[in-house]
Amino acid sequence: MPESPTGPGLPTGPAAPTGPASPTGPGPGTGPESPNGPAGTPDAPVPPAAPVAAGTPGPAGAAGTPGAAAELVSYGLVVDGAPREVTARWDESLLTVLRERLGVRGPKLGCAHGRCGACTVSLTLDGDTALVCSCLTPAAAAAGAEVGTVAGLAAADGTLSDVQEAFLAAGAVQCGYCTAGMVQSAAALLDRDPDPSAEDVSDALYGNLCRCTGYGRIVEAVLSAAATRRAR
Ligand code: FES
Ligand code: FES
């Protein structure tokens, strides 16, 4: 399960799964409506949404509160290494800001309640890095943070990471909706534990739900990536 965030006011990682659930996903993602392929690169650039007029409901999905006073705030984020400027409603979730304001479509909207892990991103703030559910993270609270999405795991030339390649090789991607979160959690696990057991992998992916694969190939992919990394 993704680690809990460390920054004040930030949400915890995905909650314990309750069974096969909502789709999520990595990779060259499009919207929640459109599964992404394996281990992904970002979608084609999407123009940022038009500025939101104060007093109007925010975009669908995440942390907005329709009808609430919509005070706009401006702040900076570093997304996959690139500085980005944001002007958005103060209460928009990090997922909404990434997808709807910045056109970063790797993180997916699944449950919007911290239960599926589809929206998992890494967040580095004040020197601490944690995986968070971006659907529950107020973007303004992450001002100045470095945000890592599944697209940032690949090299600048598009070469996939070892974990992404392992998911492809193992057939651990079907609809792909969960894959971005799975890959994020798996990569974080291997960064802290180069030789995990199958149980360790299952524990690390506890908050990431997949409705398609049955998890066996996902665990296999993570163990394979770990073995490949150790053999280097
Ligand atoms: S945990 Fe399901 S969309 Fe965020
Ligand atoms: S939800 Fe379809 S591959 Fe995991």
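**Sheet and helix packing in a predicted model**

Strand 3 and strand 5 pair in the antiparallel sense over 3 bridges, where two strands pair if DSSP finds at least two bridges between them. This is a predicted model, in which local features need pLDDT of at least 70 and side-chain atom pairs count only at pLDDT 80 or more, while totals for chains, interfaces and linings use all residues. Residues are numbered from 1 along each chain as its sequence is written, and chains are lettered from A and ligands numbered from 1 in the order in which they are written. The protein chain has 5 helices and 5 strands; helices (H or I, at least four residues) and strands (E, at least two) are DSSP runs, numbered from the N terminus.

**Chain overview**

- The order of elements from the N terminus on is β-β-α-β-β-β-α-α-α-α.
- Of the 232 residues in the protein chain, 52% are buried; a residue is buried if 20 or more other C-beta atoms lie within 10 Å of its own, exposed if 12 or fewer, and partly exposed in between, with C-beta atoms placed from the backbone.
- Among contacts between residues at least 6 apart in sequence, 69% join residues at least 24 apart; two residues are in contact if their C-beta atoms, placed from the backbone, lie within 7 Å.

- The 5 strands form an open sheet in the order 2-1-5-3-4, with mixed pairing.
- Strand 2 (82-89) and strand 4 (128-133) are the edge strands, each pairing on one side only.
- From one strand to the next, the twist averages 35°; axes are lines fitted to C-alpha atoms, for helices over the stretch in contact, and angles run from 0 to 180 degrees between N-to-C directions.
- Strand 1 (residues 72-79) pairs with strand 5 (residues 146-148) in the parallel sense over 2 bridges, and Val79 stands opposite Val147 in strand 5.
- Strand 3 and strand 4 run antiparallel and are joined by 6 bridges, and Thr120 stands opposite Cys133 in strand 4.
- The hairpin of strand 3 and strand 4 has 2 residues between the strands, and Asp126 takes a positive phi near 55° there.
- Strand 3 is mostly covered, with 5 of its 6 residues buried.

**Helices against the sheet**

- Helix 1 (residues 94-101) lies across strand 1, strand 2 and strand 5, at about 105° to strand 2.
- Helix 3 (residues 179-192) lies across strand 3 (120-125) and strand 4, at about 45° to strand 3.

- Helix 3 has 14 residues and reaches 20 Å from its first C-alpha to its last, close to the 20 Å expected at 1.5 Å a residue; the expected span is 1.5 Å times one less than the number of residues.
- Because 12 of its 14 residues are buried, helix 3 is largely enclosed by the rest of the structure.
- The buried residues of helix 3 pack against strand 3, strand 4, helix 2 (162-170), helix 4 (198-204) and helix 5 (216-231); among them are Met182, Val183 and Leu189.
- Neighbours within four places in sequence aside, Val222 is in contact with Ala166, Ala186, Leu189 and Val201.
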